[in-house]
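Hi,

Have a look at it first, then read on.

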Amino acid sequence: MNPIANRYTRLIGIDHPIVQEGLGPFRTPKLAAAVSNAGGLGTVSMPGMPVDLEAGARMFRAHIDECLSLTDRPFAVNNPVGVDTNGDVLPFTDVYIRMVLEARRADAALARQLTVLTTSAGFPGDYIAAIKDAGMIHQHKVGSTRQAVKAAEAGVDVVIAAGFEMGGHAPSKAVHSYVLAPSVTQGVDIPVLLTGGARDARGLAAALAMGADGVAMGTRFIASTANTDWHPAYIQAILDAQAGDDVAFDGVYGPCRGLRNAASRKLVEHSGTESGAVLDAVELTRWKIESMQSAQTTGDVENGLVLAGQVASAIDDIIDIADFVPSTAADAATILRRLAESLSAPVLA
């Protein structure tokens, strides 16, 4: 029997309420498959925003197919909803979401396993109906209670409450997990996941105690034996991080959190290029994404943006996902059980 079974695990069809966050803009199919095989929900991340979006969509599809070949369990894809300064949805959002929906229509085996689509950044708007009509479970990441209520009322199936301490693109409202999670779980009646700050059973137990149905973790899964596609120097940077080594800077969709280095300092100082020259908005966006990819692929963790959450300072080991996911769920259940027993025990004079 699985130690924690709730409405989220039943909805998704997984054993444990543990989700691997989107970790783009590079390859995550092996990592996603490992998490799904362990009983959680793995996520194939969007592969950046190349100039040729159709080529990007083909790459995204190849990553999805690779994940499909490595697991027979449910998995998800992550697709941020980018918007321009006028609030209009950026083309990559439409190209990638429609690729996912079409791929499922064309491949029954894929449709049986690729059952979840996670959106973030901007409001998913018109895509909510398309995702629902395709028979997918729609998760949307929010940074405030108002956003959570809006998403729930619009028809999303799950909200991910994203605390500001999370790595990668963080919510502009800058509300941290301990404040955000109980407010969101009180404000909506659909399943809620907490992301930001969780790294082990204690984080999962805390999320459940605040009314959430599970956790999504990103930084914790980077430092794992399954993450063989990323450069070892990136993983080592996570292991070496100490308290205060993270910083929030201007990312692609708003605030972004990563480790302090030459690349993040340039963004904090509002330069944004290797030479210090100012780029236009499109060029700057591409530089940011290429810098993120460079750190993940070449291991240049000084001149590339190393996305990581504050929890990196508490991570000092490389996990085996096959053991980590079920043991985290089991240990979280034990923590909650012991707390319940301690509260019901008689007080001795």
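Before the strands, a word on terms: two strands pair if DSSP finds at least two bridges between them. Strands (E, at least two residues) and helices (H or I, at least four residues) are DSSP runs, numbered from the N terminus. By that rule, strand 6 (residues 158-162) and strand 8 (residues 192-195) are a parallel pair with 4 bridges, and Ala 162 has Thr 195 of strand 8 as its bridge partner.

Some housekeeping: this is a predicted model, in which local features need pLDDT of at least 70 and side-chain atom pairs count only at pLDDT 80 or more, while totals for chains, interfaces and linings use all residues. Residues are numbered from 1 along each chain as its sequence is written, and side-chain values use heavy atoms, with hydrogens and water left out.

Strand 7 is joined to strand 11 (residues 255-259) by 2 bridges, whereas strand 10 and strand 11 pair over 5 bridges. Cys 256 in strand 11 stands opposite His 169 and also opposite Phe 249. Strand 10 and strand 11 form a hairpin with 4 residues between them, and Gly 254 in the turn has a positive phi of about 140 degrees.

**Helices**

How do helix 2 (residues 29-37) and helix 3 (residues 53-70) cross, and at what angle? Their axes come within 8 Å and cross at roughly 35 degrees (axes are lines fitted to C-alpha atoms, for helices over the stretch in contact, with angles from 0 to 180 degrees between N-to-C directions). On the helix 2 side, the contact (heavy atoms within 4.5 Å) is made by Pro 29, Lys 30, Ala 32, Ala 33 and Asn 37; helix 3 brings His 63, Glu 66, Cys 67 and Leu 70.

**Cavity and pocket**

On a 1 Å grid over the protein atoms alone, a cavity is a set of points where a 1.4 Å probe fits but cannot get out, and a pocket is an open set with protein on both sides within 12 Å along at least five of seven lines; lining residues have an atom within 4 Å of a point. Grid points are joined across faces, edges and corners, and a volume is the space filled by probe spheres set on the points.

The whole structure has 1 cavity of 30 Å³ or more. Its lining includes Val 19, Gln 20, Asn 78 and Ile 160.

The second largest pocket holds about 180 Å³ of space. Of its 14 lining residues, Leu 194, Gly 196, Gly 197, Ala 198 and Gly 203 lie nearest the centre. Helix 8 (177-187) and helix 9 (201-209) each supply at least two lining residues, with helix 9 giving the largest share, 4 residues.

Cheers
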